[in-house]
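This report goes through a model chain by chain and feature by feature. Please keep the sequence and the structure at hand while reading.

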Amino acid sequence: MTQSIHVTINGTAHTHDVEPRLLLIHYLREVVRLTGPHIGCETSLCGACTVEVNGKAIKSCTMFAVQADGASVTTIEGLATNGNLHKVQEAFWNQHGLQCGFCTPGMIMTVKQILARNPNPTDEEIRHGLEGNLCRCTGYQNIVGAVKAAAKAGA
Amino acid sequence: MATIATKPKTYVGQSIRRREDPRLITGTATYVDDIQMPGMYYAAILRSPHAAANIRSIDIKGAQKVKGVLIVFTGKDTVDAGTVPCAASLPGLRVPHHTVLATERVYYVGHPVAVVVATDRYVARDAADLIEVDYDVRQAVADPEKALAPGAPAVHPQWPDNTAFTFHQEGGDVDKAFAEADVIVKERIVSQRLIPNPMETRGVVAEWRAAERSLNLYTSTQAPHLVRSLLAQILGLDENRLRVVAPEVGGGFGCKIDTYAEEILLAFVAMKIHKPVKWIETRRENFTCTIHGRGHVDYYELAAKRDGTITGIKLKIIQDLGAYLQLLTPAIPTLSVLMMPGLYRTKNIRADVVGAFTNCTATDAYRGAGRPEATHGIERMVDVLAAELKMDPVDVRLKNFVHNDEFPFPTATGLVYDSGDYAAPLKMALDLADYPGLRLQQEQARKEGRLMGIGMSTYGEICAFGPSPATPAGGWESATVKIEPSGKVTVLTGISPHGQGEETTFAQIAADELGVDIDDILVSHGDTSLVQYGIGTFGSRSTAVGGTALYFALQDLKVKMKKFGAVLLDTEDVTLANGRCTDNKTGKSVTVKQIAAASYRAMKLPPNTEPGLVSTHFWEPPNFTFPFGAHLVVTEVDRATGNIAIKRYIAVDDCGNILNPMIVEGQVHGGVAQGLGQALWEQAVYDDNGQLVTGEFTDYTMPRAHMMPFIEASHTVTPTPVNPLGVKGVGEAGTIGASPAVVNSVVDALSPLGVRHLDMPLTPEKIWKIVTNAAGRTA
């Protein structure tokens, strides 16, 4: 049994027949072949799979693809425009906000959301905002620095 | 941390932005799970829910009937697939026969029992659930001390004492030291079992090309050449027809050094089905099937003089090995023994290690691998001694440090410390903290009834593994430098970085040595079909050993470049510097690009010189390196909740020369996070039945952003004489320095309540009970 869904992903319209149980993360990675969002836990605890659905950051391992029917989805691949990095991406690069890079796409999508809700967050607000995303490499300090730099740059 | 986006004159020593980052921040990097191949199948592994059981029967019929299932294998099908390797050797070591799938018995929760191969991962998982295994559940043992007690259930029936090995090391005259001691302090110190948890779990894609008898294996590993050699041996394949690729690897922290059952299994499956096949470990699998770390129970005794001079150390280590021996499992506690004197001068040591089998996941190398346990132990004991003697822990440390004029310093455990100024980072940390001011604040806090603590660790570590005779595999590292005809430079390194940033630091080294633009350099790694044999990335070795191999390859190449430059300039007296070869008499010069073109065009060759500009160097290190440092932590304990607030975290590390301060600082931050995780939150908890009860991120509390303090990172610089770069290694330093500093700080905070020692993790519950009980006593 499959169900037809229409999803706009990074500005491009997609139509696919999918199983109702197919997770959005698997749809994005294996059907649409956007492998930027990662799977770190499959239980919505690590945030590596974070994407935007209709402008809100969500963990795409805990949403079915059919729930995104009609929605507009932005993944990490959709952030840079005309070869220019998004300010949050640039900030992560400049501030050494990543090491192995596996959590990074989810982190960047979360940071974009943090700044959309609060353009000038305090350190405490940044750390609170990052609570749902695990990073095992950086100790978060340079990620916090990246958020501050992105905020300063007007991301 | 400000970084440099513009181009400096020289690159080494600068915080150059990482060259690996553009692909990582745009989501275009290729990790194992991102690999798709035409006609690829997916494997799901059925695992034991029991820690100890005999397998009566396995019924796979239900799984076989599922549409989309290609084949199912159980233990009896894979008996010829070889066994999972252990590379460590110790006298009398008992190595269990470790088949890739369980045959008659399961030994730990997560033990692989069957593999289902299907058209997609959902179908494979569905079908795995339909396999029926009839288990005869037996009594498990999950605690190493219980496992060694008489009458404990035998993990392996043939070894009823559950002892895999014993190991003894002794130096100096321990008995005399203890007989003549003014004071002896004793403590039982636990370094609890931890779970490495890189954000990317393990995963394998295997592709068998039958007509070529060649196997391509993509695996999330830290040591692709090692995997290739071991797999060739295990599977009986020609090593030169086996290509192992570590693509983008999402963290390792030691747990991806091993060659695992799943790598062998996936190769076996691919060779059976003649199709590519992928397996991606779920997080739940990662918790139970990828190696764990630590798992020590240590019994320490310190002998000392009244003035604080440490005269002897006795240590008994009970190492929880788990059920099987993975690649380096039994070697890890021997590293603890090597580093047991820490930075201190005492030559009288005695260590006894017992390796205990338990019905748990194997332990092995996790960031620090044996050294955090050793450092935690000795640094706790120094504080215990200081408390006993009513001395300042600073003074006890200063009294016992190896003196600056004693290097190279031979230790009681047979090592030779390379270089050091052990008091320097401690003094810097004390200055940064305003230590006397802090003690005054503490006095005031205590008057107000607040529990403020000041704690420190002065750690030493052994890095840059290492001289080959002292390591389980070769300890050298390799590099190839190719200057292409266009003048562009390709570096192939035998290390296998996965977050440490050597695509950047190695480009910095090469750009400076050759005097070329860093953008002309590409650093590649991780593919055995591309890169000469290498050892890999672990043990804080990549720059100290791999970077040095690169340095020497560059020197060889420069000699050849000068020869070609001299031919082009029609002279013999030339200098190679700043990317030009210059005639010392006329001042005329040619560029690296011109030299490269001439070397391949080969119109006129220098005497006895081949065309082309390629150089490979294998560098064998003459010694390990020994970084050191001091961490100082200020804490305050909340009496009402038991919560520990870290008020200041000061890390002063000395890793020798620093190639890229930004990257070094990042390594310290991440290392501290993992050490802090051990000190405060993380613990692999098994119940008496061998069930892992902290088997998800909900229960296994890794640090999150809001839990981490701001780390004030500084450095002293004491270059090592072991390699020409003067670098020591920094990957594990933060982890090693952190846990004792934090625990010492909290013990200091609670010392007015009579607390002398606390075992990790210092959870609010544990602390609250101590504070509440103390309040009850005084009420």
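How much area do chain A and chain B bury between them, and what share of it is on carbon and sulfur atoms?

## Interface of chains A and B

The model is predicted. Chain A and chain B bury about 4,700 Å² between them, and 52% of that area is on carbon and sulfur atoms. In chain A, the residues that lose the most area to chain B are Trp93(A), Arg136(A) and Gln141(A). Together these three account for 20% of what that side buries.

Counted by residue, 51 residues of chain A are in contact with 57 residues of chain B. Six salt bridges are found across the interface of chain A and chain B. There is also a salt bridge between the side chains of Asp34(B) and Arg29(A), with an N to O distance of 2.7 Å.

## A four-stranded sheet in chain B

Chain B contains an open sheet of four strands in the order E21-E20-E19-E25, with mixed pairing. Its edge strands are E21 (521-524) and E25 (613-619), each of which pairs on one side only. From one strand to the next, the twist averages 15°. Strand E19 (residues 477-483) and strand E20 (residues 489-493) of chain B run antiparallel and are joined by five bridges. In E20(B), Val489(B) is the bridge partner of Ile483(B).

Two helices of chain B lie across strands of this sheet. Helix H14 (residues 502-514) lies across E19, E20 and E21, at about 135° to E21(B). Helix H16 (residues 592-601) lies across E19 and E25, at about 100° to E25(B).

## Cysteines

How many disulfides does the structure hold over all chains? The number is zero. For Cys86(B), the nearest cysteine sulfur is that of Cys255(B), 17 Å away. Cys86(B) is partly exposed, with a relative accessible area of 22%.

Cys655(B) is likewise in no disulfide; the nearest cysteine sulfur to it belongs to Cys463(B), at 9.3 Å. A disulfide needs two cysteine sulfur atoms within 2.5 Å. Cys655(B) is buried, with a relative accessible area of 5%.

Most residues other than glycine have a negative phi, and most peptide bonds are trans. Chain B has exceptions on both counts, including those below.

The peptide bond from Phe465(B) to Gly466(B) is cis, with omega near -25°. Gly466(B) sits in the loop between strand E18 (451-460) and E19 of chain B. Another cis peptide bond joins Met760(B) and Pro761(B), where omega is about -5°. Pro761(B) belongs to the loop between helix H18 (733-750) and helix H19 (764-778) of chain B.

Which residues other than glycine have a positive phi? Two of them are Ala369(B), with a phi of about 45°, and Lys390(B), with a phi near 55°. Ala369(B) is in the loop between strand E15 (349-357) and helix H10 (371-389) of chain B, and Lys390(B) is in the loop between H10 and helix H11 (393-400) of chain B. Ala369(B) is buried, with a relative accessible area of 7%, whereas Lys390(B) is exposed, at 75%.

Notes. Residues are numbered from 1 along each chain as its sequence is written. Chains are lettered from A and ligands numbered from 1 in the order in which they are written. This is a predicted model: local features need pLDDT of at least 70, side-chain atom pairs count only at pLDDT 80 or more; totals for chains, interfaces and linings use all residues. Side-chain values use heavy atoms; hydrogens and water are left out. Two strands pair if DSSP finds at least two bridges between them. Axes are lines fitted to C-alpha atoms, for helices over the stretch in contact, and angles run from 0 to 180 degrees between N-to-C directions. Contact means heavy atoms within 4.5 Å. Buried means under 20% relative accessible area, exposed over 50%, partly exposed in between (1.4 Å probe, protein chains only). Buried area is the accessible area (1.4 Å probe) that two parts lose on being put together, summed over both. A salt bridge is a side-chain nitrogen of Lys or Arg within 4 Å of a carboxyl oxygen of Asp or Glu.
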